[in-house]
Amino acid sequence: MAEHHTGPAETGAPMDYSEHEKTYRFFLNATKYGTLFCVALLIAMAAGFFTTMGFFSASVLFILLNVAGYFFLR
(Lines give C-alpha, C1' and ligand atoms only; values in the text may rest on other atoms or scores of the structure.)
Protein backbone atom coordinates (compact mmCIF):
# COMPACT_ATOMS: atom_id res chain seq x y z
CA MET A 1 0.00 0.00 0.00
CA ALA A 2 0.99 3.61 -0.32
CA GLU A 3 2.90 5.24 2.48
CA HIS A 4 1.38 8.29 4.12
CA HIS A 5 3.79 11.06 5.02
CA THR A 6 2.78 13.85 7.33
CA GLY A 7 5.95 15.98 7.08
CA PRO A 8 6.61 18.96 4.81
CA ALA A 9 6.15 18.34 1.10
CA GLU A 10 9.27 20.28 0.08
CA THR A 11 12.32 18.53 1.47
CA GLY A 12 14.78 19.40 -1.34
CA ALA A 13 17.00 22.40 -1.80
CA PRO A 14 15.44 25.84 -1.34
CA MET A 15 14.15 27.58 -4.47
CA ASP A 16 16.38 30.15 -6.15
CA TYR A 17 13.67 32.64 -7.11
CA SER A 18 15.96 35.14 -8.82
CA GLU A 19 17.24 32.41 -11.15
CA HIS A 20 13.67 31.25 -11.76
CA GLU A 21 12.61 34.77 -12.74
CA LYS A 22 15.61 35.15 -15.08
CA THR A 23 14.75 31.87 -16.78
CA TYR A 24 11.09 32.87 -17.13
CA ARG A 25 12.05 36.27 -18.63
CA PHE A 26 14.34 34.50 -21.09
CA PHE A 27 11.52 32.12 -22.06
CA LEU A 28 9.10 35.01 -22.62
CA ASN A 29 11.61 36.95 -24.73
CA ALA A 30 12.53 33.87 -26.77
CA THR A 31 8.85 33.19 -27.42
CA LYS A 32 8.12 36.81 -28.32
CA TYR A 33 11.03 37.24 -30.72
CA GLY A 34 10.71 33.72 -32.13
CA THR A 35 7.09 34.46 -33.01
CA LEU A 36 8.16 37.75 -34.61
CA PHE A 37 10.76 35.91 -36.70
CA CYS A 38 8.25 33.29 -37.90
CA VAL A 39 5.57 35.85 -38.76
CA ALA A 40 8.06 38.06 -40.63
CA LEU A 41 9.34 35.02 -42.51
CA LEU A 42 5.83 33.97 -43.54
CA ILE A 43 4.94 37.50 -44.70
CA ALA A 44 8.19 37.82 -46.67
CA MET A 45 7.69 34.37 -48.25
CA ALA A 46 4.14 35.23 -49.23
CA ALA A 47 5.30 38.54 -50.72
CA GLY A 48 8.11 36.82 -52.61
CA PHE A 49 6.08 33.92 -53.98
CA PHE A 50 2.69 35.47 -54.65
CA THR A 51 3.65 38.93 -55.91
CA THR A 52 6.23 40.22 -58.36
CA MET A 53 8.65 41.28 -55.58
CA GLY A 54 11.18 38.51 -56.10
CA PHE A 55 13.73 37.03 -53.73
CA PHE A 56 15.86 40.08 -52.96
CA SER A 57 12.95 42.42 -52.33
CA ALA A 58 11.33 39.80 -50.08
CA SER A 59 14.63 39.46 -48.19
CA VAL A 60 14.73 43.22 -47.63
CA LEU A 61 11.10 43.10 -46.47
CA PHE A 62 11.99 40.29 -44.05
CA ILE A 63 14.82 42.33 -42.55
CA LEU A 64 12.68 45.46 -42.30
CA LEU A 65 9.84 43.55 -40.61
CA ASN A 66 12.25 42.09 -38.06
CA VAL A 67 13.82 45.47 -37.27
CA ALA A 68 10.43 47.20 -36.99
CA GLY A 69 9.04 44.36 -34.86
CA TYR A 70 12.05 44.48 -32.56
CA PHE A 71 11.47 48.18 -31.84
CA PHE A 72 7.72 47.69 -31.34
CA LEU A 73 8.16 44.71 -29.00
CA ARG A 74 10.84 46.23 -26.75
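## Buried face of helix H2

In this predicted model, the buried residues (under 20% relative accessible area, 1.4 Å probe, protein chains only) of helix H2 are Ala-58, Phe-62, Asn-66 and Gly-69. Viewed down the axis of H2, these residues fall within an arc of 80°, so they line one face of the helix; the arc is taken from the directions from the helix axis to the C-beta atoms.

Phe-56, Ile-63, Leu-64 and Phe-71, on the other side of H2, are exposed, a class that requires over 50% relative accessible area. Val-67, also in H2, counts as partly exposed because its relative accessibility is 41%. Its C-alpha atom is separated by 10.0 Å from that of Ala-40, 27 residues apart along the chain.

## Extent of H2

H2 covers residues 54-73, and its 20 residues reach 28 Å from the first C-alpha to the last, close to the 28 Å expected at 1.5 Å a residue. The expected span is 1.5 Å times one less than the number of residues.

## Packing against H1

Helix H1 (17-50) is included in what covers the buried residues of H2. Contacts, meaning heavy atoms within 4.5 Å, link residues of H1, including Leu-36, Phe-37 and Ala-44, with residues of H2, among them Ala-58, Phe-62 and Leu-65.

The two helices, H1 and H2, pack at an angle of about 150° with their axes 8 Å apart. That makes H1 roughly antiparallel to H2, a term used for angles over 145 degrees.

## Basis of the values

Residues are numbered from 1 along each chain as its sequence is written. Local features need pLDDT of at least 70, and side-chain atom pairs count only at pLDDT 80 or more.

How values were computed:
Side-chain values use heavy atoms; hydrogens and water are left out. Helices (H or I, at least four residues) and strands (E, at least two) are DSSP runs, numbered from the N terminus. Axes are lines fitted to C-alpha atoms, for helices over the stretch in contact, and angles run from 0 to 180 degrees between N-to-C directions. Angles under 35 degrees count as roughly parallel, over 145 as roughly antiparallel, 65 to 115 as roughly perpendicular and the rest as oblique.
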